[in-house]
Amino acid sequence: MIFNFFISSDAFFKADHEVTLIACLLFMGAILYTLSKARRGADLYIRSIPGLDAVNEAIGRATEMGKPILYCPGLSSAADVATLASLNILGRVAQRVANYESRLIVPHRDPIVMTVAKETLKDAYLQAGKPEILNEEDNFFITEDQFGYTAAVNGIMVRERPATVFLQGMFFAESLLLAETGNSIGAIQIAGTDAVHQLPFFVASCDYTLIGEELYAAGAYLSKAPDLMSSLKAADLIKGILWVLIVVGLILTFMGNASIFEVFGK
């Protein structure tokens with residue numbers, strides 16, 4: 001009965017779409033393979049990401065200077081994938097901040113994101129073994145107005161003079177206003193977004209920028225958790241296979257043989 005449902009359901013795949021089924025099985029197989037390797041203690045290589053390698057240095061600098069760290073989780077809602085990735089990074093950053101016993105300021109535009117961040121911070125400080133030093137008042141809601149929020153965050157930067165600023169998540173027209181203010185106070189800035197139109201502003205005004213998929217990989221990169229690392233490596237493995245298929249398809253096409261397109265559909 002369940003098998004008939006999957007075969008007949010348009011939400012999954014049709015009976016004549018064998019390629020979809022093969023792709024799903026291949027991806028699940030890649031995840032199981034990499035997860036098995038990770039749990040056996042195998043070293044799963046991930047290329048170095050300078051922006052993430054600088055996290056400890058940036059937090060340590062703020063601690064040495066006796067200044068706070070500001071983390072902006074973007075201006076989108078919790079339904080945005082970039083926001084979820086940012087909250088994942090926040091948990092890893094907060095754990096390191098707790099170890100250094102520094103101050104972490106997290107202003108929000110969305111009240112639901114603020115609530116999720118509150119639990120993320122509690123869990124991070126608990127894992128660091130220092131739940132008592134968490135100041136919940138530093139995780140707060142400002143306003144849902146885009147530029148009202150931007151003006152408030154810029155005001156916090158100017159008054160509090162954070163030594164390190166994280167801009168991680170979804171950003172819009174306010175990206176350069178935030179990044180330029182952080183740059184003007186001399187803060188180390190680590191930005192990250194999948195908003196293509198905002199990336200040039202971050203690259204120009206921040207010390208480090210996570211571009212596109214690097215934002216999603218950051219949680220696995222910082223935590224080195226086997227489950228997260230395995231899914232990341234599985235995605236890289238599948239992308240490698242797709243690149244091989246693309247190259248083979250191009251070669252066959254230039255040779256006058258387009259039969260590969262009949263396999264994947266016209």
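The model is predicted, so I kept local features only at pLDDT of at least 70 and side-chain atom pairs only at pLDDT 80 or more, while totals for chains, interfaces and linings use all residues. Residues are numbered from 1 along each chain as its sequence is written, and side-chain values use heavy atoms, with hydrogens and water left out.

**Chain.** I found twelve helices and six strands, taken as DSSP runs (helices H or I, at least four residues; strands E, at least two) numbered from the N terminus. Of the 266 residues, 42% count as buried (under 20% relative accessible area, 1.4 Å probe, protein chains only).

**H5, span and ends.** I looked up residues 81-100: H5 has 20 residues and reaches 29 Å from first to last C-alpha, close to the expected 28 Å (1.5 Å times one less than the number of residues). At its start, a side-chain oxygen of aspartate 80 reaches to within 2.9 Å of the backbone nitrogen of alanine 82. Just after H5, glutamate 101 takes a positive phi of about 60°.

**H5, surroundings.** I listed the buried residues, among them Ala82, Leu87, Ile89 and Val93. The buried residues of H5 pack against helices H4, H6 and H10 and strands S1, S2 and S4.

**H5 with H6.** I noted axes (lines fitted to C-alpha atoms over the stretch in contact) that come within 8 Å and cross at roughly 35°. Residues of H5 including Leu90, Gly91 and Ala94 meet residues of H6 including Val116, Thr120 and Leu121 (contact: heavy atoms within 4.5 Å). The residues of this contact divide into eleven nonpolar, five polar and no charged, with Gly counted as polar.

Methods:
Buried means under 20% relative accessible area, exposed over 50%, partly exposed in between (1.4 Å probe, protein chains only). A polar contact is a pair of N or O atoms within 3.5 Å; within protein, one must be able to donate a hydrogen and the other to accept it, and residues adjacent in sequence count only if both atoms are side-chain atoms. Axes are lines fitted to C-alpha atoms, for helices over the stretch in contact, and angles run from 0 to 180 degrees between N-to-C directions.
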